[in-house]
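Please consult the numbered points alongside the structure.

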Amino acid sequence: MSLNFLLTAKKTNKPVIEILRYASKKTGGSTKNTNCKVKPKHRGWKVQDGHFVQSGHMLATQLTSRFHPGLNVGMGRNGTLFAITPGKVVVTCEKFEPNWDHTWVKRIYGGREQQTIFKKYFNVIPEPQHNRFKLIDEV
């Protein structure tokens, strides 16, 4: 605590003491989540339907299996879908017929036996091959 004593004299020649006290803490507001250093993951679609991709290009990233690999599409260990061959991306929503005898199917899709289940599949359609071949020798 810091005190300032000011001695001033009035007309009566009596000293007057004034005490001033300064704030010892700042009056800033409280902050929340100050130790949060989590970077965003940016999961989801990376390439839209109808775009052209090269082989190895990421099509979608996911934490759970939201999207499924279709024609010429591979799936990484962390669920990333990537193109195996260059071509045009086509996203389809297809009917899924699970085998209801498996225990994991019963656990995941339990209670949905009478419903139609649809899933999104990423497909890569390769470009058609050219027909400009030259016949060198007949066999």
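1. Two strands pair if DSSP finds at least two bridges between them; helices (H or I, at least four residues) and strands (E, at least two) are DSSP runs, numbered from the N terminus. By that criterion, strand β9 (residues 87-96) and strand β10 (residues 117-125) run antiparallel and are joined by 9 bridges. Within this pairing, K95 stands opposite F118 in β10.

2. On provenance: this is a predicted model, in which local features need pLDDT of at least 70 and side-chain atom pairs count only at pLDDT 80 or more, while totals for chains, interfaces and linings use all residues. Residues are numbered from 1 along each chain as its sequence is written, and side-chain values use heavy atoms, with hydrogens and water left out.

3. Overall content. The chain holds 1 helix and 10 strands, and the order from the N terminus is β-β-β-β-β-β-β-β-β-α-β. Of its 139 residues, 20% count as buried (under 20% relative accessible area; exposed is over 50%, partly exposed in between; 1.4 Å probe, protein chains only). Among contacts (heavy atoms within 4.5 Å) with a separation of 6 or more, 51% are between residues 24 or more positions apart.

4. The sheet. An open sheet of mixed pairing is formed by 4 strands, in the order β4-β9-β10-β6. Because β4 (52-53) and β6 (67-69) stand at the edges with a single partner strand each, one side of each lacks a neighbour in the sheet.

5. Aromatic pairs. The whole structure contains 4 aromatic pairs (rings of Phe, Tyr and Trp, the last by its six-membered ring, with centres within 6.5 Å; planes under 30 degrees apart are stacked, over 60 edge-to-face and the rest tilted). One of them is the edge-to-face pair of W45 and F122, at 5.3 Å centre to centre and 65 degrees between the planes. This pair links distant parts of the chain, since W45 lies in strand β3 (residues 44-45) and F122 in strand β10, 77 residues apart. W45 is partly exposed, at 31% relative accessible area, whereas F122 is buried, at 0% relative accessibility.

6. F67 counts as buried, at 1% relative accessibility.
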